[in-house]
Amino acid sequence: MTLAHKDQRNDYELMAALARGDHDSLFQLYDRYSGVMLALCRRVLGDAAEAEQLLLDVFTEVWQRADRYDDGRGSPLTYLLTLCRSRAIDRCRSRRSRQGKWAAHETATDNSLGNVPDPGVTPSDGMVLGEQSRLVRQAMDSLTEPQRKVLELGYFDGLSQREIAEATGIPLGTVKSHVRMALIQLRQKLRNME
Amino acid sequence: MQCEEIQELIYLEAAGAADSAMVAAIRAHLATGCLACQATRAEAMLASAQLPLNLAPCPPSSKVKDELMRRVKSVAASSGAMSAGHPQAPTQKPTTGKLVMWPLVISSSIAAAFLLIAVLGLQTNQQLTNKVIGDVTTLHQLKKSLAHEVAQTNAISVAMKNAITSEHHKIAVLKTELTTAQGVEKMIGSPAMEMASLRGMPPMHSAWGRVMWNGKMKMWKLCAFNLPHLPNSKTYEVWMITAHGKKMPAGLFNTSSKTQSVMMTPHVPPNPHAMAEIAVTVEPAGGSPQPTGAVLLTGRIG
Ligand SMILES: [Zn+2]
């Protein structure tokens with residue numbers, strides 16, 4: 001696997017070059033982060049083919065609207081993941097409204113804690129993201145089971161506070177405090193990562 | 001709504017669990033310029049954005065990258081340049097030069113070829129005419145591909161000029177940083193160096209800092225951490241405060257948007273020995289003659 005090392009530019013430099021119309025930067029970012037972005041698309045959409053289509057659309061959007069990235073609001077990776085999640089949730093919601101709300105919702109919550117890739121899938125960009133992923137995994141492990149669950153139902157399944165309460169049987173106010181505590185704890189553990 | 005309630009909503013928003021009314025309430029509150037809630041939101045968003053890194057990466061199939069390449073190339077080619085897809089991409093203006101002249105040469109060749117066809121047509125030599133039509137088509141294709149190359153070469157030259165300018169800028173920044181670093185090294189290495197801690201005041205509990213000074217060298221440095229980057233309409237202002245409570249403006253700064261930290265040189269009043277305390281507030285852009293905002297960082301230096 002050819003990795004980021006063939007291009008020594010950091011992510012900020014790549015985004016800046018991309019905004020100037022440099023194609024290579026787009027493919028560098030693609031090589032670095034398409035693996036984790038696809039994992040995110042699959043986790044939200046639950047469909048491998050649709051996830052690849054979305055990944056393609058997201059990178060096309062990043063290419064066409066590179067000028068929208070603002071480094072004051074987070075790292076390029078944060079931007080890519082946030083954009084990816086937002087587009088995936090939008091797609092999931094429109095599908096849900098087509099199919100009837102709860103059918104898709106139940107599928108989503110069934111594997112809400114699943115972070116296991118398909119059998120036969122080898123993590124690709126481990127060298128780039130290995131250390132960051134390890135820290136995130138450690139931080140996630142430090143959360144309580146209900147804290148992790150409410151976070152994942154909101155973030156990956158796009159459920160509102162009320163829907164999370166209904167899906168888990170956890171009272172509304174407790175959902176709120178779990179989310180708050182979980183994010184504060186994650187931020188403290190990951191403070192040096194950005 | 002109070003900051004505490006807004007912050008509860010901010011955490012829900014970061015986790016993707018806020019509804020549109022909650023998001024609207026957050027936006028309205030942040031629009032009032034509340035720094036504490038802005039900082040909370042930035043932190044919460046950064047935390048939730050890391051969640052996908054808990055997933056095992058799945059490499060996409062090669063057709064995704066192939067299709068992306070096709071899309072990128074077709075946008076670049078269809079716009080005759082990259083400028084259509086990219087508002088900031090360099091505009092393609094053919095300039096005079098060797099490559100640019102080629103299409104003109106080829107255009108004249110094509111005209112000559114058409115003339116030849118006319119002559120040959122008169123002679124009704126169908127076979128020869130077909131051959132020349134074939135050649136004309138080839139010339140057309142050559143012209144197209146050369147025009148494309150010209151556009152690409154021009155784009156590369158603009159991109160290279162941009163890159164050189166940006167490198168010059170980086171060198172200038174590095175020179176300044178080096179001079180600063182050398183000064184700080186001298187100051188720290190001297191036995192006359194003194195230091196005090198600055199602590200964050202509510203709501204900036206997580207902010208902190210250090211102030212270092214060297215009386216002999218008359219050098220001061222202030223470092224601050226975990227202070228949110230301010231919009232252009234505002235600035236952080238440093239205050240030197242005497243034992244009698246007289247506050248003297250000692251400089252303005254903003255933190256880096258990436259690190260939320262800064263190292264700056266305060267302007268020290270002529271009688272630094274009389275100073276007992278140093279403080280930081282937020283003021284309107286340009287600073288204030290006397291503090292108007294709440295104290296966010298403070299420390300004793302007397
Ligand atoms: Zn507030």
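Predicted model: local features only at pLDDT ≥ 70, side-chain atom pairs only at ≥ 80, totals over all residues.
**Figure 1. The contact between chain A and chain B.** On one side of this contact are 73 residues from chain A, and on the other are 48 residues from chain B. Between them the two chains bury about 5,600 Å², and 67% of that area is on carbon and sulfur atoms. The rule also finds 9 residue pairs in polar contact across the interface of chain A and chain B, with both residues at pLDDT 80 or more. Among the elements that give two or more residues to the side of chain A that touches chain B are α1 (11-19), α2 (23-45) and α3 (48-64) of chain A, and α2(A) gives the most, with 13 residues.

**Figure 2. Salt bridges between the chains and within chain A.** Side chains of opposite charge can pair when their charged atoms come close. Over all chains the count comes to 21 salt bridges, and across the interface of chain A and chain B the rule finds 5 salt bridges. One salt bridge joins the side chains of A:Asp57 and B:Arg71, with a distance of 3.1 Å from N to O. Within chain A, A:Arg87 forms a salt bridge with A:Asp90, and here the closest N and O atoms are 4.0 Å apart. Why are A:Arg87 and A:Asp90 separated by about one helical turn? The reason is that A:Arg87 and A:Asp90 are 3 residues apart in helix α4 of chain A.

**Figure 3. Backbone details in two loops of chain B.** The peptide bond that joins B:Pro202 and B:Pro203 is cis, with an omega of about 5°, and B:Pro203 is found in the loop between β1 (193-200) and β2 (208-214) of chain B. The loop between β3 (219-225) and β4 (234-242) of chain B holds B:Asn226, a residue other than glycine whose phi is positive, with a value near 60°.

Terms used: Residues numbered from 1 in each chain as written. Chains lettered and ligands numbered in written order. Heavy atoms only, no water. Contact = heavy atoms within 4.5 Å. Buried area = accessible area lost by both parts, 1.4 Å probe. Polar contact = N/O pair within 3.5 Å; in protein donor to acceptor, adjacent residues only side chain to side chain. Helix = DSSP H or I, 4+ residues; strand = E, 2+ residues; numbered from the N terminus.
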